[in-house]
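Subject: Structure for you to look over

Hello,

Please find the structure below, with the sequence alongside. My notes on what turned up follow it.

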Amino acid sequence: MFELGVLVLVAVGAFWLFAALLGGVFKLTFGFLGALFGGIVGLFTVGLVALLVFPIVLFALLPLLMPVLLVAAVVWLIVHASRPVHASRPKQPQAPVH
């Protein structure tokens with residue numbers, strides 16, 4: 001009778017171990033899938049919020065950025081005013097005429 005009890009305990013323990021391993025595999029799988037899906041949804045949400053907030057932040061920072069933008073515009077005007085007229089387009093070699 002003792003041997004039968006030990007055999008039952010071994011069988012229950014083996015079943016318990018198998019069920020725990022199977023549960024761990026399911027937990028790991030659904031955890032990875034949940035993290036992936038949550039990450040995709042999170043990236044989409046962050047991108048959407050960034051698209052909505054970016055213009056507001058840009059307009060709020062415009063008074064602070066105005067001196068830098070004006071200096072950049074003056075530098076751009078000086079650089080482009082000092083270039084020759086056709087400096088951006090190099091001469092094309094002409095084919096010989098026969």
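Buried residues account for 0% of the 98 residues in the protein chain. Please keep in mind that this is a predicted model. The protein chain exposes about 9400 Å², and 83% of that area is supplied by carbon and sulfur atoms.

As for secondary structure, the protein chain contains 1 helix and 0 strands. The helix, α1, has 80 residues. A straight helix at 1.5 Å a residue would reach 118 Å, but the end C-alpha atoms of α1 are only 102 Å apart.

The partners are Phe26 and Phe30, and their rings are stacked, with 6.1 Å from centre to centre and 10° between the planes. The angle falls under the 30 degrees that counts as stacked, and the centres lie within the 6.5 Å cut-off for a pair.

Why do Phe26 and Phe30 sit about one helical turn apart? Both belong to helix α1 (residues 2-81), and they are separated by about one turn because they are 4 residues apart in that helix. In general, an α-helix has 3.6 residues a turn, so residues three or four places apart point the same way. Phe26 is partly exposed, at a relative accessible area of 47%. Phe30 counts as exposed, with 55% relative accessibility.

The last item is Ser82, which is located in the segment after α1. Its side chain reaches the backbone oxygen of Val79 at 3.0 Å. Ser82 is itself exposed, and its relative accessible area is 59%.

Regards

How values were computed:
Residues numbered from 1 in each chain as written. Predicted model: local features only at pLDDT ≥ 70, side-chain atom pairs only at ≥ 80, totals over all residues. Heavy atoms only, no water. Phe/Tyr/Trp six-rings, centres within 6.5 Å; stacked < 30°, edge-to-face > 60°. Helix = DSSP H or I, 4+ residues; strand = E, 2+ residues; numbered from the N terminus. Buried < 20%, exposed > 50% of the residue type's maximum accessible area, 1.4 Å probe, protein only. Areas by Shrake-Rupley, 256 points an atom, 1.4 Å probe, with all protein chains shown as cover. Expected span 1.5 Å × (residues − 1). Polar contact = N/O pair within 3.5 Å; in protein donor to acceptor, adjacent residues only side chain to side chain.
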